[in-house]
Amino acid sequence: MIEFRNVSKFYGSFRALHDVTETIARGEVVVVCGPSGSGKSTLIRTINRLEPIDSGQILLNGEDVHRPGLDVDRFRSGIGFVFQQFNLFPHLSVLENCTLAPVKVRGLSEAEARERALALLERVGLSGKAQSYPAQLSGGQQQRVAIARALAMEPPLMLFDEPTSALDPEMVSEVLLVIRDLAHKGQTLVCVTHEMGFAREVADRIFFMDEGRILERATPEDFFERPQHPRAQQFLSDLRSPFARSV
Amino acid sequence: MIDLIKNYWVYFLIGQYPDGPLGGLALTILLGIAALGLALPLGVVLGLARTSSHRALRWPVTALVYVVRGTPLLMVIFWAYFFLPAVTGRQTSQFNTMLAALVLFNGAYLAEIVRAGIQGIPRGQSECARALGLSYWQSMRAVILPQALRNMLPSLVAQFVTTLKETSLGYIIGLSEVSFIAGQINAQVLTQPVAVYTTLALTYFVLCFGLSRIVGVLEKRAAVR
């Protein structure tokens, strides 16, 4: 479904992505992990063209994502993106957040969009909050609304950029449960996260990144029990140190 | 004072109308509303251009903003007064001259307020709107501008009040707005300049205060959400 071909990306002289070549299949659940600044977020932001790339190619269903002249809006509407900072629209109610794009981009009627949004809000456990405004919700609730909003476009692909990193610890699991639910229902998704327990449970494959390269790509079992790359071994042993979150 | 009001209140409010052109307070309000009504959309368009990633849009507007900011309004009025007829080849009425000057001048100032308002919205908002598949215009209209305009309200009110007061410069080109009319009344009465100009000052104060209050109520209502 997604194919990276020798993708490189620079911020000035800093090389954020270093000749990345990789394929992600339809229905696959990929978790990307690695230390801060390793290029994880950059990697998934290049998939829907939130970040331009400097060389190489990214193909989504055979279509060159960074081709000039691509209808970016139509293309992006088929990819759900969930941000670390939720980015709900604060001036719109929860329901309006979820119906805005389906109405404006997909051309759904208000009634259809509303019905779809309410079903999704129920799915993320927030059916009672449709009329609330984002500021009235907890972080975990806001992020679940953000997921429902992305799902309202019925995207074949979902991308999560550290969806729980901005949350208080007690709200992390409510969001991860929603994502796990999606993964189990066959949604193709790529999730950047530091939650290793989650990665272990839901991922089909784990990518470990450092310095702009995917150093390790393995099943969760192989990654956690038999990491090959020294950098990955180091990363995992750091996570197991006494004050790190448990693996 | 009573006599003054009794004799001149109609002239003060509407000028020579209906025997002559509309003037006085009515003309001031009309000019103010027209100037604000045209300057605000112009300011939004110029403000959008100021934040554009296209240089061809950004640079001319930036130049305009700097030129206007570096020029007194009086200069712009004279310039409109002499330049507009030369360009259009037709006599421009004082009202339209003044309107053109006010719209251009305030459009440029409003552009800066709009720019600040747009840039004050976190980048994640437009990024997220675009990630959902909204076009630039759709995300501006539905996501960015509604939030930005709300944040801009206090600055907008200040600019609106300024615009309203600036209509008094129509005096210079003989536009019979309320300051000009007050001057006429003073010239006829001769003995009561303090009363005449105090009335004029109070009139402007009531107008500007009223405008501030109206927007203040809107602001409060917007803040409830």
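User: Where in chain A is the place of A:Gln141?

Analyst: A:Gln141 sits in helix α5 of chain A. The model is a predicted one.

User: Is A:Gln141 buried or exposed?

Analyst: Burial is read from relative accessibility, with under 20% as the cut-off for buried. A:Gln141 has 18% relative accessibility, so it counts as buried.

User: Which residues does A:Gln141 touch, not counting residues up to four places away in sequence?

Analyst: With those sequence neighbours left out, A:Gln141 touches A:Leu126, A:Lys129 and A:Glu174.

User: Across which strands of chain A does helix α5 lie?

Analyst: Helix α5 of chain A, residues 139–151, lies across β6 and β7 (157–161) of chain A. The helix runs at about 170 degrees to β6(A).

User: In what order do the strands of the open sheet in chain A stand?

Analyst: The order to follow is β6-β7-β8-β3-β9-β10 in chain A, 6 strands in an open sheet with mixed pairing. β6 (79–82) and β10 (213–218) of chain A are the edge strands; each has a single partner strand, so one side of each has no neighbour in the sheet. Direction ignored, neighbouring strands of this sheet are turned by 15 degrees against each other on average.

User: How many bridges join β3 to β8 in chain A?

Analyst: Strand pairing is read from bridges, with at least two needed for a pair. Strand β3 (residues 29–33) and strand β8 (residues 188–192) of chain A are joined by 4 bridges, and the two strands run parallel. To take one residue, A:Val31 has A:Cys191 in β8(A) as its bridge partner.

User: Now the interface. How many residues of chain B are in contact with chain A?

Analyst: On the chain B side there are 20 residues, in contact with 22 residues of chain A. The two chains bury about 1800 Å² between them, with 60% of it on carbon and sulfur atoms.

User: How many salt bridges does the rule find across the interface of chain B and chain A?

Analyst: A salt bridge here needs the side-chain nitrogen and the carboxyl oxygen within 4 Å. The rule finds 2 across the interface of chain B and chain A. B:Glu127 forms a salt bridge with A:Arg45, and their closest N and O atoms are 2.6 Å apart. For polar contacts between chain B and chain A, the count is 6 residue pairs, both residues at pLDDT 80 or more.

User: Which helices of chain B each supply at least two residues of the side that touches chain A?

Analyst: They are α6 (123–131) and α7 (136–166) of chain B. α6(B) gives the largest share of that side, 8 residues.

Conventions:
Residues are numbered from 1 along each chain as its sequence is written. Chains are lettered from A and ligands numbered from 1 in the order in which they are written. This is a predicted model: local features need pLDDT of at least 70, side-chain atom pairs count only at pLDDT 80 or more; totals for chains, interfaces and linings use all residues. Side-chain values use heavy atoms; hydrogens and water are left out. Axes are lines fitted to C-alpha atoms, for helices over the stretch in contact, and angles run from 0 to 180 degrees between N-to-C directions. Contact means heavy atoms within 4.5 Å. Buried means under 20% relative accessible area, exposed over 50%, partly exposed in between (1.4 Å probe, protein chains only). Buried area is the accessible area (1.4 Å probe) that two parts lose on being put together, summed over both. A polar contact is a pair of N or O atoms within 3.5 Å; within protein, one must be able to donate a hydrogen and the other to accept it, and residues adjacent in sequence count only if both atoms are side-chain atoms.
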